Amino acid sequence: MNLAEVDASAWAELEGAAANPQSAFRYLNLCSVDAGGRPQARMVVLRRVDVGRRILEIHTDVRSPKWQEISANPLVTLLGFGPQPKLQLRLQGSAELHGPASESAAKAWSLLPGSTRSTYMGGPPGDEIGAPPASEAAVADAEGRAFFGVLIFRAETLDWFQLRHADNRRAVFAYDKLGALTSSRWVNP
Ligand SMILES: Cc1cc2nc3c(=O)[nH]c(=O)nc-3n(C[C@H](O)[C@H](O)[C@H](O)COP(=O)(O)O)c2cc1C
């Protein structure tokens, strides 16, 4: 594979993962920095990929600590690993947050199944478990919608690392604001 093919294959992998719950890259580690400068990491589901614009979409609860952290500092890293072949994708970029009132959130919410919508009901993530959430479906749906946010990540760089027996390979790529590939090179693993 040449560099262009490596870049294309990595993005094809991500695009496939957004559609396939069985893909290893379906679950990514989203890393941000909190107000105290401490690194924070958590798994998230990759919901949508726009390969041309190098955009990844993630859904979250706007009451979660990550939402506050990323509002204050939009620089984030997404880390993924696929076992076959052993491939690490490390994407650095910035995140745009689209709250419950946004068009992005309205559109994404309209496409969510009821089971996923229900995960946005209940108390704020990380708080003590309190009273059980309202059981009536309509109330539950409306409540969940009010806490549903969309995170749009735009990749600025991709660090591609393939672990191979005695022959590791690593390449780094950079993209401009529109998603065009601006540089690519092999580096020492
Ligand atoms: C496999 C897996 C997938 C997850 N997907 C998401 C997700 O898509 N969005 C999300 O907000 N939290 C998701 N979580 C929960 C987060 O990892 C995290 O625990 C939670 O969002 C609170 O994070 P925070 O306190 O850093 O804001 C997922 C957890 C697991 C184990």
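These exercises walk through a predicted model, each with a worked solution.

Local features need pLDDT of at least 70, side-chain atom pairs count only at pLDDT 80 or more, and totals for chains, interfaces and linings use all residues. Residues are numbered from 1 along each chain as its sequence is written, and side-chain values use heavy atoms, with hydrogens and water left out.

**Exercise 1. The ligand shell**

Task: Find which elements supply residues to the shell around the ligand, and sort the shell by class.

Solution: 
- Step 1. List the shell, taking residues with a heavy atom within 4 Å of the ligand. It holds Tyr27, Arg42, Met43, Val44, Val45, His59, Thr60, Ser64, Pro65 and Lys66.
- Step 2. Assign elements, which are DSSP runs numbered from the N terminus (helices, H or I, at least four residues; strands, E, at least two). Strand E2 (39-45), strand E4 (55-61) and helix H2 (65-72) each supply at least two shell residues. E2 gives the most, with four.
- Step 3. Sort by class. Ala, Val, Leu, Ile, Met, Phe, Trp, Tyr, Cys and Pro count as nonpolar, Asp, Glu, Lys and Arg as charged, and the others, Gly among them, as polar. The shell has five nonpolar, three polar and two charged residues.

**Exercise 2. Polar atoms at the ligand**

Task: Find the distances from ligand oxygen atoms to polar atoms of Arg42, Val45 and Lys66, then state the cover.

Solution: 
- Step 1. Take the side chains. A polar atom of Arg42 is 2.8 Å from a ligand oxygen. For Lys66 the distance is 2.6 Å.
- Step 2. A polar backbone atom of Val45 lies 2.9 Å from an oxygen atom of the ligand.
- Step 3. State the cover. On its own, the ligand has 620 Å² of accessible area (Shrake-Rupley method, 1.4 Å probe). The protein covers 59% of this area.

**Exercise 3. His59 and Phe148**

Task: Is His59 buried or exposed, and what does it touch?

Solution: 
- Step 1. Classify it. Buried means under 20% relative accessible area, exposed over 50%, partly exposed in between (1.4 Å probe, protein chains only). His59 has 13%, so it counts as buried.
- Step 2. Check contacts (heavy atoms within 4.5 Å). Not counting residues up to four places away in sequence, His59 touches Phe148, Tyr120 and Arg47, among others.
- Step 3. Turn to Phe148. It lies in strand E7 (residues 148-162) and is buried at 0%. Tyr120 is 28 residues away in sequence, yet the C-alpha atoms are 6.6 Å apart.

Terms used. Near = heavy atom within 4 Å. Polar contact = N/O pair within 3.5 Å; in protein donor to acceptor, adjacent residues only side chain to side chain.
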